[in-house]
Amino acid sequence: MAGEERIYPVVPATPGSEPYWEAANAGKLLLGYCKPCKKSYYYPRGVCPMCLSTDVEMRESKGTGTIYTYSVMRPAKPPYVIAYVTLDEGPSMMTNIVDCDPASVKIGQKVKAVFKPREDGTKIVCFAPA
Amino acid sequence: MSTKGKAYIVGAYEHPTRKAPDTSLAQLHAEVAKGAIEDAGLSKDDIDGYFCAAGDTPGLGGNSFADYMGLRLKHIDTTDTGGSSYLVHVGHAAQAIAAGKCNIALVTLAGRPRSEGVQTGTNPRMGNPSQPDLQFEFPYGPATANMYAMCAMRHMHQYGTTSEQLAWVKVAASHHAQYNPHAMLPKVVTVEDVVNSPLVADPLHRLDCCVISDGGGALIVTKPEIAKSLKRPLVKVIGTGEAVKHQMGGQDLDLTFSAGRWSGKRAFEEAGVKHKDIKYASIYDSFTITVVMQLEDLGFCEVGQGGKFVSDGNLISGVGKLPFNTDGGGLCNNHPGNRGGMTKVIEAVRQLRGEAHPKVQVKNCDIALAHGTGGSLGTRHVGATVIMERE
């Protein structure tokens with residue numbers, strides 16, 4: 001099933017989220033970071049969901065993590081692997097597992113960020129086996 | 001302030017249709033409203049409170065639907081928590097009635113996704129881009145089926161739950177559906193039928209998924225004095241609870257349990273009853289895994305033991321310890337508007353009144369629970385629990 005790739009739809013950025021998408025297009029995954037909590041969070045936003053502080057910024061993730069759970073969407077053409085990946089920085093994020101046979105995907109598998117084209121040619125983060 | 005015993009469900013009506021290509025959404029709402037009002041022995045102008053979910057009543061704040069039905073209202077609440085909305089509405093109606101804001105509340109649900117050709121489970125639906133999570137999730141193709149599938153996958157990994165155990169939920173629902181002349185899938189199925197049906201989203205098979213149907217339902221909730229003046233059996237609301245579960249910035253992601261862990265505790269505490277007191281349970285069954293997780297969350301079994309709990313017919317009326325969804329549930333009967341909370345309350349009311357089908361009626365059914373989840377167990381959702389007692 002590998003080989004044929006999904007075309008990623010573009011959802012418009014909202015005020016404040018543009019840096020995330022600009023970074024993704026440059027091959028970087030950004031996380032939210034709360035300075036008072038000293039913790040990362042995902043998705044990035046203008047307040048920390050743990051303490052509601054606005055003393056937050058976006059920081060680059062190492063782009064490495066572990067598959068928390070996944071599922072293969074069979075009726076889709078092509079079928080795709082949706083997953084949550086727990087990043088080494090702590091937060092978990094929804095993503096797709098790509099560049100591999102869906103049947104080989106396992107919970108606990110180490111993965112790394114890869115960047116795939118969207119409909120408009122800009123890029124979005126996905127994960128592939130490390 | 002507790003609302004225990006301050007409200008009664010005196011009317012309940014489920015639309016018999018499962019496919020309504022020639023009936024409008026508003027007409028379905030009106031038909032179920034009429035059904036519930038007549039079931040209660042009331043008339044339209046007795047209604048002074050209206051509860052509906054914004055998502056299945058397009059137009060601002062329920063106004064258009066109040067107008068369509070000509071309701072004269074002094075209280076309106078259009079809280080939308082997806083499929084659990086109507087369980088939430090029972091709690092909110094009890095609160096409004098206890099506070100004197102209205103006397104007789106109507107709750108309606110209707111939907112026609114089947115006629116509209118909505119591929120609810122497998123086709124991701126684009127929402128409003130201002131929904132803050134949408135841009136970070138929608139591109140990855142979250143449909144309904146693969147979101148619940150990810151819960152099942154993790155539950156299996158963490159607790160050893162099996163596809164055969166999940167299948168027992170469907171088997172039990174089908175045993176009940178065979179007696180429901182309106183059920184979409186009245187055929188009794190086996191564990192083998194379920195696990196041999198095609199995979200939709202691993203590990204969920206086609207028969208692990210609920211049906212897509214048109215239809216609807218309605219309830220009438222009122223205060224004790226009025227309930228006791230009517231001729232219907234008395235179904236008293238003794239405990240309600242709601243809770244929201246999300247991800248806390250990805251720091252709290254745990255797909256092995258639902259908000260039912262919290263809403264259930266609140267409802268049980270208010271009702272002052274124990275699990276052994278519950279004779280019948282309506283449990284939202286969008287997928288088989290939904291039932292397994294919610295039974296654990298509500299405390300009917302230990303965390304991680306839901307698979308074992310549902311096995312061997314334990315949910316079949318007259319066979320197991322906890323009869324559930326005796327109308328066939330969302331898995332076999334119907335799932336009007338992709339929102340299953342309403343029919344959960346309606347079947348619980350039937351059981352408490354002794355009006356369920358004789359083949360599935362639970363003996364001496366004096367206390368029942370209805371629970372549902374709205375939104376997605378795979379992302380964020382609202383759980384709502386209602387405990388009712390026959391008086």
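Trainee: At what angle do helix α3 (residues 85-98) of chain B and helix α13 (residues 341-353) of chain B pack?

Mentor: Two packed helices are described by the angle between their axes and the distance between the axes. Here α3(B) and α13(B) pack at about 60 degrees, with axes 6 Å apart. That makes α3(B) oblique to α13(B). Angles under 35 degrees count as roughly parallel, over 145 as roughly antiparallel, 65 to 115 as roughly perpendicular, and the rest as oblique. The axes are lines fitted to C-alpha atoms, for helices over the stretch in contact, with angles running from 0 to 180 degrees between N-to-C directions. Helices (H or I, at least four residues) and strands (E, at least two) are DSSP runs, numbered from the N terminus.

This is a predicted model, where local features need pLDDT of at least 70 and side-chain atom pairs count only at 80 or more, while totals for chains, interfaces and linings use all residues. Residues are numbered from 1 along each chain as its sequence is written, and chains are lettered from A and ligands numbered from 1 in the order written.

Trainee: Which residues make the contact of α3(B) with α13(B)?

Mentor: From α3(B) come B:S85, B:Y86, B:L87 and B:V90, and from α13(B) come B:G341, B:M342, B:K344 and B:V345. Contact means C-beta atoms, placed from the backbone, within 7 Å.

Trainee: How many residues of α6(B) are buried?

Mentor: 13 of its 15 residues are buried, so α6(B) is largely enclosed by the rest of the structure. Buried means 20 or more other C-beta atoms within 10 Å of a residue's own.

Trainee: How many residues does chain B give to the contact with chain A?

Mentor: Chain B gives 31 residues and chain A 36. On the chain B side, α5(B) gives the most, with six residues.

Technical notes. Two residues are in contact if their C-beta atoms, placed from the backbone, lie within 7 Å. A residue is buried if 20 or more other C-beta atoms lie within 10 Å of its own, exposed if 12 or fewer, and partly exposed in between; C-beta atoms are placed from the backbone.
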